[in-house]
Amino acid sequence: MTGQAMTQVGEWTEGTEPAGPERSGGRSLPLAAWAQRYGMLAALVVLFAFNAFATPFFLTRESLLFILLRQSAPVAIVAVGMAIVIGTGGIDLSVGSVMAIAGQVGALLVLHGSGVGLAIVCALLAALACGAFNGTLVARFGVQPIIATLILFIAGRGIAQLITGGQLQPLSNHGFQWIGIAQPLGVPAQVFIALLVAVAVAAVIRLTIFGRYVAAVGGNATAARIAGIPSGRVKLIAYLTCAGLAGLVGLIVVGANYASDANNSGLGMELNAIAAVAVAGTPLTGGRVRVWGAVGGAVLLTLLTNTFIAHGLTKQVADMVEGLVIIAALAIQRHES
């Protein structure tokens, strides 16, 4: 039984698909299956081509690097962490609040004369403490993930506001702000960070036993338990990773904005990250992790919003269309299931 369960686990790791009737006899994939696997990439290519022809200055270096990729990078980093949590069958609504907490902790220490390294370490430790809180509630006490993370979603924002008294704190420390404002090789630092995070996490999911465990816990909890997989530990690590990446993005946002703003930092990030994972065709019920899909989903949604704004439509209309895209992605997933 253990060997059979682990065989099932291996089929659901990053970049692989379970064998199904659509592959038997060399037949092509049904339209719904094709849309689930490649729809996000196809939509990204079509939208990119449209902008290349219809949007002035879209193909310039400034537009691609400093608007599209720079705006997509923070969402992509958080979406990668969210993909792992969703892969275990969970959800994390607290990432925006965790961003705010980490950003305020780091900025406050710098403003009070602490070293840059200490400020960054303490900020990330604060984020990991939030992840430990979420993971313990889910893994140890069996609280539903949406309820467990809703606690910090609400209370975490208040904690962040208390740290700085709810006041906007101007910041000017280039060492601390490096990840938000630096441009190594002429490319925004957060783009490099997003790429490194995606490569590292994709390698972990594909090449390590942890990646198989994530898929097993989210795909079939009973089989995972029979196989002797430490489900609680896997879930805890997933929430720690998601919170840690959210904390990293909190530092990026503080650096880029030259200020710590507990009221607005990370606002709506949880929804953007979940949406990026969903449009990539990742089942929100768990059992599969698509790291590069999450990154592509973040770029797609950012490009979609920017396209509407560039052609004179309001942000509200862009948000409505983004919602329709998510509904379509979920409908395709439901059809496949």
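Val 277 is placed in helix α12. The model described here is a predicted one. With a relative accessible area of 1%, Val 277 is buried, because a residue counts as buried when this value is under 20%.

Val 277 can also be related to Val 289: the two are 12 residues apart in sequence. In space, the C-alpha atoms of Val 277 and Val 289 are 9.0 Å apart.

## The largest pocket

Helix α12, which spans residues 269-279, also contributes to the lining of the largest pocket, supplying at least two residues. The other elements that each supply at least two lining residues are α3 (61-87), α11 (231-257), β2 (259-260), α13 (291-310) and α14 (315-336).

The volume of the largest pocket is about 900 Å³. Its lining consists of 34 residues. Those that lie nearest the centre of the pocket are Gln 71, Val 75, Leu 267, Met 269 and Asn 272. By residue class, the lining of the largest pocket comprises 17 nonpolar, 12 polar and five charged residues.

## A nonpolar patch on the surface

Which residues form a nonpolar patch on the surface? The patch is made up of Ile 146, Ile 147, Leu 150, Phe 153 and Ile 154. Together, these residues have about 440 Å² of accessible area.

One of the patch residues, Ile 146, lies in helix α6, which covers residues 145-163. The relative accessibility of Ile 146 is 46%, so Ile 146 counts as partly exposed.

## Positive phi angles in two loops

Phe 57 lies in the loop between α2 (31-54) and α3. Its phi is near 65 degrees, a positive value in a residue that is not glycine. Phe 57 counts as exposed because its relative accessibility is 69%, and the class of exposed residues begins over 50%.

Tyr 258 is found in the loop between α11 and β2. Although Tyr 258 is not a glycine, it has a positive phi of about 60 degrees. Is Tyr 258 exposed or partly exposed? Its relative accessibility is 39%, and Tyr 258 therefore counts as partly exposed.

Terms used:
Residues numbered from 1 in each chain as written. Predicted model: local features only at pLDDT ≥ 70, side-chain atom pairs only at ≥ 80, totals over all residues. Heavy atoms only, no water. 1 Å grid on protein atoms, 1.4 Å probe; cavity = no way out; pocket = protein on both sides within 12 Å on 5 of 7 lines; lining within 4 Å. Points joined across faces, edges and corners; volume = space filled by probe spheres on them. Helix = DSSP H or I, 4+ residues; strand = E, 2+ residues; numbered from the N terminus. Nonpolar A, V, L, I, M, F, W, Y, C, P; charged D, E, K, R; others polar. Patch = residues over 30% accessible without salt bridge, like charges linked within 9 Å, V, L, I, M, F, W, Y side chains within 5 Å. Areas by Shrake-Rupley, 256 points an atom, 1.4 Å probe, with all protein chains shown as cover. Salt bridge = Lys/Arg side-chain N within 4 Å of Asp/Glu carboxyl O. Buried < 20%, exposed > 50% of the residue type's maximum accessible area, 1.4 Å probe, protein only.
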